[in-house]
Amino acid sequence: MERIAPPRLLDREAELADLAGFCLEKQRSPYVWWRAGPWAGKSALLSTFVLNAPVLLAADQVWLVSFFITARLASQDTREAFTTALTEQLCSLLGLDLPVGGDEATRESALLDLLAQAAAACQQAGGRLILVVDGLDEDRGETTGPAAHSIAGLLPGRPPAGMRVIVASRPNPPIPDDVPDWHPLRDPGIIRLLSDSPHAQNLRRLGQSELKRLLRGTRLEQDLLGLLTAAQGGLSGLDLRELTGADLVTVEQVLHTVVGRTFTRRLPSWAPDDGPQVYLLGHEELHNAARHYLGHDRLAHYRDRLHIWADSYRMPTISGPPWPVQTPEYLMTGYPRLLTTTGDTNRLIALALDSARHDRMLDLSGGDTAALTEIKNCQDLLLDCPEPDLYALARLSYHRSQLESRNAHIPAELPAVWATLGQPNRAEALARALTDPAQQAQALAGVAGAVAAAGDHERAEQLARTIASSAQQARALTDVARALVTAGDPEWARELLIDADQLARTITDPAQQAQALAGVAGAVAAAGDHERAEQLARTITTSAQEAQALAGVAGAVAAAGDHERAEQLARTITDPHLQARALTDVARALVTAGDPEWACELLIDADQLARTITDPAQQAQALAGVAGAVAAAGNQERARELVIDAEQLADTLTDRAQWARALTDIARALVAAGEQERARELVIDPGRRARTITDRAQWARALTDVARALVTAGDPEWACELLIDADQLARTITDPAQQAQALAGVAGAVAAAGNQERARELVIDAEQLARTITDPYQQAWTLVGLAGAVAAAGDHERAERLARTITDPYQQARALAGAAGAVAAAGDHERAERLAHALTDPALQAWALAGVAGAVAAAGDHERAHELVIEADQLARTITDPAQQARALIDMAGAVAAAGDHEQAREFSIDAKEFARTTNRSYLQARALVGMAGAVAAAGDHERAAQLARTITDPYLQARALVGVAKVIGLPQAGHLLGEAFALGPWLTPLPVLAKIQPQEVLRIADAIFQEMPAVR
């Protein structure tokens, strides 16, 4: 802000007082809009006001956040830049960490949520949140592509919690179309006219005079002006040194002194604390004037110099990697924006497809937002062409999918560690970035528990209630309830546990339901309702899970002080392992309560029970548990004897996982007995490790678990030493997914031990490692799509060879089923039928037969086609699961539609929609709409078909629907629809239709992407 504000604002006291009144007075509109022509002093006024707000407002409770739109600085005049800048300011004000990842809609939603949080916080403190936006006329958001939106369109129409908004601009251009009619910006009553400042006019004359002198100045002065004008600002002194060949001292001398009124400085976007300052023209009018005076040819010359400079980093002529660590920030942010505004699609495509460059951007920015935005801008530019480059759009779509899948292998435990480290926003964003629904639900549940443990119970509850999985939501609510009990709010805890109980009873999987109810029962007992807890436990139908729940309830009842009832409850458990565990828990509570004698009596019974357990792994674990409790009761000698017995049992185990778990329990018992050194030796003993050298992940987990036990026992120093071993061992794990998971576990334990800085380093290492993992299933899915597209393009032999390279049996069968339909469409019906009948999966066989039937019908053999359709239909009806049957019918609809039988496709789609409705799965219903859109298009109503396709909210399914319409309408309109589908959804979706229109283009795409794919294992 100091770079924008003048050293002293002259003769604007009345305007500053008016702005202060707008912020403080009660009876004011939520918006005010200061308007004036160029060089009136709008930016000078608002920057001075923001910079001096504490003095002007004389109220600590008023918070100001601001954004100054700057068209002459590339990447500082778009909705994305606005979202990023305000998010950073609001997170700083609220004491929150910055959110990570997410698409454009997610980031904008997060910004609006942060505005609401900040406004509410100000209001509660008796103040107000003020948003200042200068330069609405310089917003280039709507000009970056057909799907782009303006900054004005993101400003809240109904500012929350007393928030107010100050904007400034010239009278033109008009309000953007994406601002709704009811928005306050369309109210002429909010407009205030700002008179021209004579001091600003003086600066204008001086600036223009200096600009003209520069145009006639030395070669260096002309080059500095030309390069900064062509680059649209954002170049640092070091950048200009490389571009001009002049030394840095001379460059900065010119920029700082001779032309101080022509150039101004700003902080870099990605490294504002330690990055070099960047330069730009001092005013939009000066920038426009410079463009006019320089002319087209000279600007083109300077742009060519920028292109050569960028190429030196993209394709270095000397040894070294492309886009090295010292790559200028301008080449990552401003340069692609320059290419977008000048319409240089070829260079922009090269940047947007450069994986090494996007890896460097991830390192610098901490996320893929800038890379994904770059790809989107490139797609928008291509779609704006009369004939979209479908080859480029396909490759961009594939590259986007690779970026979006970076988070697919993040360990589900990792987000909770970020929450433990005090970064709940980053934790939630990372959890929501996980692509697998089950993994995401598990991660969110872990984050909710960690946030609750940190004391933010309200946010933890809100987070828990967003989890789609009933089992994981029940678990999360239970964890929040436990945290509330610990915090002394059992009433709130009981309310949550009622909901968790109801959720648990909706779980259809018996084992998951029993586990959820067991957790709820234990939490209810901890909340003090022991009778209700026991009733809950006894409603569990699975005997083993009931016993486990009763054991948990017994421990909670004992911890609450009702030891007699806890013992009675424990003795009702019939499973010896779980009864031994329950009696051990009661004994521990008695020791804590000061009654070691009673505890010892129970532990004798628990010891005897443990000896009756026939499973050696369970017996070893039970004896280890008893040993720990005996040590806590003060009988160290007996505890050591029990540990020896447990250790001997563990050494008889042949299952590596059971053995590692048993040793972990024994090590915990040794810690409880005060034998920390022996516990450490137990888990790091090289001789023992040699037995499981092939499963280092198990050892890393064992070391981590023992370290956690040491932390609980009050010995964090020993724990940290053990965690160093765990860290070193984890890094020797060859499987990257297991190594990432092991590092995540170590990070959580290190955080628990109090070493926050080291935990942060470990969690970053785990996150980065997880993003390097290549998913074999994703590779197989890619090959399935490529095989189908190549077959549709007519190269059947090559398609079958591609399909045979897929190692996953189901995916290989799916590829062959798709190939069968393409072979049939090419006229080889007999071979296609053989391929279809060779498939064993009924759904895939039905899909393949339907495709063959459509092709046979198109060839005129309607009788045989009818027979094949009946066969496919009968196969689909044998599927008992409604969801799977709906999927099969949807696939069949797509197959017959692809072959031209749109009437049959419509019937299959209607049936599929009915089956989908019975499952209450909106995704399946939307898939049925895809088939209906194609059928409507085939009937000739292309406009209605496109409208139907665009009612589908899922972008992937909308892409499929648009492809279905494109198949029917043909070129040239089909090219734009297919291009839009590439930009919306998976790159594979448009290929089959493109293969019919431009088969050679599909083969070209297949070659390019197959070369880009990681080696198929």
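A residue is called exposed when its relative accessible area is over 50%, buried when it is under 20%, and partly exposed in between. By that rule R219, with a relative accessible area of 55%, is exposed.

**The whole protein**

Of its 1017 residues, 53% count as buried. The accessible surface comes to about 43500 Å², and carbon and sulfur atoms hold 50% of it. Among contacts with a separation of 6 or more, 66% join residues 24 or more positions apart.

Now colour by pLDDT. The mean is 80, and 82% of the residues reach 70 or more. Select residues 689-693, where the pLDDT is below 50; in the model this stretch has 12 contacts beyond near neighbours in sequence. Where pLDDT is low, predicted coordinates should not be read in detail.

**Salt bridges**

How many salt bridges are there? The count comes to 37. Side chains of opposite charge can pair when their charged atoms come close.

Select D18 and R28. Their side chains form a salt bridge, with 3.7 Å from N to O. D18 sits in helix α1 (residues 13-24) and R28 in the loop between α1 and β1 (31-35), so this pair ties together parts that are 10 residues apart in sequence. R28 is partly exposed, at 30% relative accessibility.

Next, select R219 and D223. The closest N and O atoms of this salt bridge are 3.9 Å apart. Both residues belong to helix α7 (residues 219-231), and because they are four residues apart there, about one helical turn separates them.

Move to R475 and D479. Their side chains meet in a salt bridge of 3.8 Å, N to O. This pair lies in helix α21 (residues 470-486), again four residues apart and separated by about one helical turn. An α-helix has 3.6 residues a turn, so residues three or four places apart point the same way. Here R475 is partly exposed at 34% relative accessibility, and D479 is partly exposed at 27%.

Finally, select D607, R611, R638, E641 and D645 together. These residues are linked in a network of salt bridges.

**Helix α27**

Select residues 576-592. This is helix α27, with 17 residues; from the first C-alpha to the last it reaches 24 Å, close to the 24 Å expected at 1.5 Å a residue.

Start at the N-terminal end. D575 caps the helix there, with a side-chain oxygen 3.0 Å from the backbone nitrogen of H577. Then show the side chains of the buried residues of α27, including H577, L578, L583, V586 and L590. Which helices do the buried residues of α27 pack against? They pack against α25 (543-559), α26 (563-571), α28 (596-611) and α29 (616-632). After the helix comes G594, which has a positive phi near 90°.

Most residues other than glycine have a negative phi.

Select A161, in the loop between β3 (128-134) and β4 (164-169). Its phi is positive, about 50°, although A161 is not a glycine. A161 is partly exposed, with a relative accessible area of 24%.

Then select W323, in the loop between α10 (284-314) and α11 (329-332). W323 also has a positive phi, near 50°, and is a residue other than glycine. W323 is buried, with a relative accessible area of 1%.

**Last stop: E833**

Select E833, in helix α41 (residues 829-837). Its relative accessible area is 15%, so E833 counts as buried. Which residues does E833 touch, not counting those up to four places away in sequence? Show V852, R864 and L868 beside E833: these are the residues that E833 touches under that condition.

How values were computed:
Residues numbered from 1 in each chain as written. Heavy atoms only, no water. Helix = DSSP H or I, 4+ residues; strand = E, 2+ residues; numbered from the N terminus. Buried < 20%, exposed > 50% of the residue type's maximum accessible area, 1.4 Å probe, protein only. Expected span 1.5 Å × (residues − 1). Contact = heavy atoms within 4.5 Å. Polar contact = N/O pair within 3.5 Å; in protein donor to acceptor, adjacent residues only side chain to side chain. Salt bridge = Lys/Arg side-chain N within 4 Å of Asp/Glu carboxyl O. Areas by Shrake-Rupley, 256 points an atom, 1.4 Å probe, with all protein chains shown as cover. pLDDT = per-residue confidence, 0-100.
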